[in-house]
Amino acid sequence: MNDGATPPPKKGGAAPFVLGGVVLLAVIGFAAMDGEDGPEGGTGPSPTAPPPPVTAIERVEDSGTAALAVPNVVGMNHQQAQDTLQAAGFYRLQEVDATGQGRMLLWDRNWRVVSQTPAAGSAAAPDTTVTLRSKKANE
């Protein structure tokens with residue numbers, strides 16, 4: 001019953017707006033996929049540009065496949081070591097607490113690399129995982 005002081009309840013509520021937003025997002029998502037390789041073909045997304053060549057790192061030929069010389073990062077803080085390896089073309093990096101305590105290296109600049117695998121100067125494919133074993137700088 002309506003006494004005139006309060007408006008009657010509305011029908012429909014926010015559901016049409018939510019449904020409209022979902023439909024809009026779906027349309028935008030499908031539009032963004034236009035041009036990618038799929039069942040109908042297409043040009044596909046443009047590949048990302050490769051990083052600029054690193055002149056300080058010498059390319060090494062290893063049994064017919066191109067490999068890179070692994071830079072020496074022992075003694076560097078963990079962040080600097082990661083930056084150096086990535087600049088050399090190594091992006092698969094694994095970090096390990098060298099004390100065996102299993103701690104996560106949350107603040108990279110607070111850790112020092114004490115060993116690395118593969119060894120510095122060795123030839124490795126760019127997709128090789130480089131493992132950095134580090135300790136906190138004050139240890």
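Author: Let's begin with the side chain of D97, which makes a polar contact with the side chain of T99 at 2.8 Å. The side chain of D97 also makes a polar contact with the side chain of R103, at 2.8 Å. Keep in mind as we go that this is a predicted model.

Where does D97 sit? This residue lies in strand β3. D97 has a relative accessible area of 6%, and because buried means under 20%, D97 counts as buried. Leaving aside neighbours within four places in sequence, D97 is in contact with G102, R103, L105, W111 and S134.

S134 lies in strand β6, and S134 is buried, with a relative accessible area of 0%. Not counting residues up to four places away in sequence, S134 touches H78, V96, D97, A98, L105, W111, R112, V113 and V114. One of these, V113, stands opposite S134 in β6.

Now step back to the strands themselves. Strands of a sheet pair through backbone hydrogen bonds, either parallel or antiparallel. Here you can find both kinds. Strand β3 (residues 93–97) and strand β6 (residues 130–136) pair in the parallel sense over 5 bridges. Strand β4 (residues 111–117), in turn, pairs with β6 in the antiparallel sense over 6 bridges.

Put together, these 3 strands form an open sheet in the order β3-β6-β4, with mixed pairing. The edge strands are β3 and β4, each of which pairs on one side only. On average, neighbouring strands of this sheet are turned by 30 degrees against each other, direction ignored.

A helix joins the picture here. Helix α2 (residues 78–87) lies across β3, β4 and β6, and runs at about 165 degrees to β6. Apart from neighbours within four places in sequence, L132 is in contact with V73, H78, A81, Q82, L85, Q94, E95, V96, V113, S115 and Q116. L132 also belongs to the largest nonpolar core, which has 12 residues, among them A81, L85, V113 and V130. The elements that give two or more residues to this core are α2 and β6.

There is one more detail to look for, past the end of β4. The peptide bond from T117 to P118 is cis, with omega near 0 degrees. Most peptide bonds are trans. P118 is found in the loop between β4 and β5 (123–124).

The protein has 2 helices and 6 strands, and from the N terminus on its elements run α-β-β-α-β-β-β-β. Among contacts with a separation of 6 or more, 56% come from residues 24 or more positions apart. The accessible surface of the protein comes to about 10100 Å², and 60% of that belongs to carbon and sulfur atoms.

Conventions. Residues numbered from 1 in each chain as written. Predicted model: local features only at pLDDT ≥ 70, side-chain atom pairs only at ≥ 80, totals over all residues. Heavy atoms only, no water. Pairing = 2+ DSSP bridges. Helix = DSSP H or I, 4+ residues; strand = E, 2+ residues; numbered from the N terminus. Axes fitted to C-alpha atoms, helices over the stretch in contact; angles between N-to-C directions. Contact = heavy atoms within 4.5 Å. Buried < 20%, exposed > 50% of the residue type's maximum accessible area, 1.4 Å probe, protein only. Areas by Shrake-Rupley, 256 points an atom, 1.4 Å probe, with all protein chains shown as cover. Core = buried A, V, L, I, M, F, W, Y, C linked by side-chain atoms within 4.5 Å. Polar contact = N/O pair within 3.5 Å; in protein donor to acceptor, adjacent residues only side chain to side chain.
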